[in-house]
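Colleague: Could you walk me through this model? I'd like to start with the pocket and then move on to the helix packing.

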Amino acid sequence: MLVARSLALFVVAALFEIGGAWLVWQGIREHKGWIWIGAGVVALGLYGVVATLQNDENFGRILAAYGGIFVAGSIAWGMVADGYHPDRFDVTGALICLAGMAVIMYAPRGH
């Protein structure tokens with residue numbers, strides 16, 4: 001159950017971080033304005049809050065593991081929000097990152 005909770009937190013964190021960055025991008029690069037930028041900043045702050053809810057006490061481990069979620073989530077976000085079409089190297093790289101996340105976060109440790 002702890003792994004399922006942890007994965008759910010990673011997904012929520014990804015939605016806030018990637019979504020927040022996308023909102024800022026839209027506000028600045030697509031000239032959608034300050035409301036979009038502000039919403040993005042709020043979402044990015046919420047990402048930071050959600051990250052603290054992970055069960056592990058090691059900030060470095062959580063952030064490093066989240067990196068794998070961020071890579072795969074960013075590709076998925078681009079597909080849904082912007083019509084991005086990843087090639088086989090994008091997909092392979094994302095799968096490698098997810099495997100790395102699983103090793104970092106969920107490998108059995110003797111402590």
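Colleague: What's the lining of the largest pocket like, by class?

Modeller: The lining of the largest pocket has four nonpolar, three polar and one charged residues, where Ala, Val, Leu, Ile, Met, Phe, Trp, Tyr, Cys and Pro count as nonpolar, Asp, Glu, Lys and Arg as charged, and the others, Gly among them, as polar. This is a predicted model, in which local features need pLDDT of at least 70 and side-chain atom pairs count only at pLDDT 80 or more, while totals for chains, interfaces and linings use all residues. Residues are numbered from 1 along each chain as its sequence is written, and side-chain values use heavy atoms, with hydrogens and water left out.

Colleague: Which residues line the largest pocket?

Modeller: They are Leu2, Val3, Ser6, Gln54, Asn55, Asp56, Met105 and Tyr106. On a 1 Å grid over the protein atoms alone, a pocket is an open set of points with protein on both sides within 12 Å along at least five of seven lines, a cavity is a set where a 1.4 Å probe fits but cannot get out, and lining residues have an atom within 4 Å of a point.

Colleague: And which helix gives the largest share of that lining?

Modeller: Helix 1 does, with three residues, and helix 1 (2-29) and helix 4 (88-106) each supply at least two; helices here are DSSP runs (H or I, at least four residues), numbered from the N terminus.

Colleague: Switching topic, at what angle do helix 3 and helix 4 pack?

Modeller: Helix 3 (residues 59-82) and helix 4 pack at about 155 degrees, with their axes 8 Å apart, the axes being lines fitted to C-alpha atoms over the stretch in contact and the angles running from 0 to 180 degrees between N-to-C directions. The two helices are therefore roughly antiparallel to each other, a label for angles over 145 degrees.

Colleague: What makes up the contact, by class?

Modeller: The contact of helix 3 with helix 4 (heavy atoms within 4.5 Å) includes Ala65, Gly68 and Ala72 of helix 3 and Ala94, Leu98 and Met101 of helix 4, and by class it has 13 nonpolar, one polar and two charged residues.

Terms used: Parallel < 35°, antiparallel > 145°, perpendicular 65-115°, else oblique.
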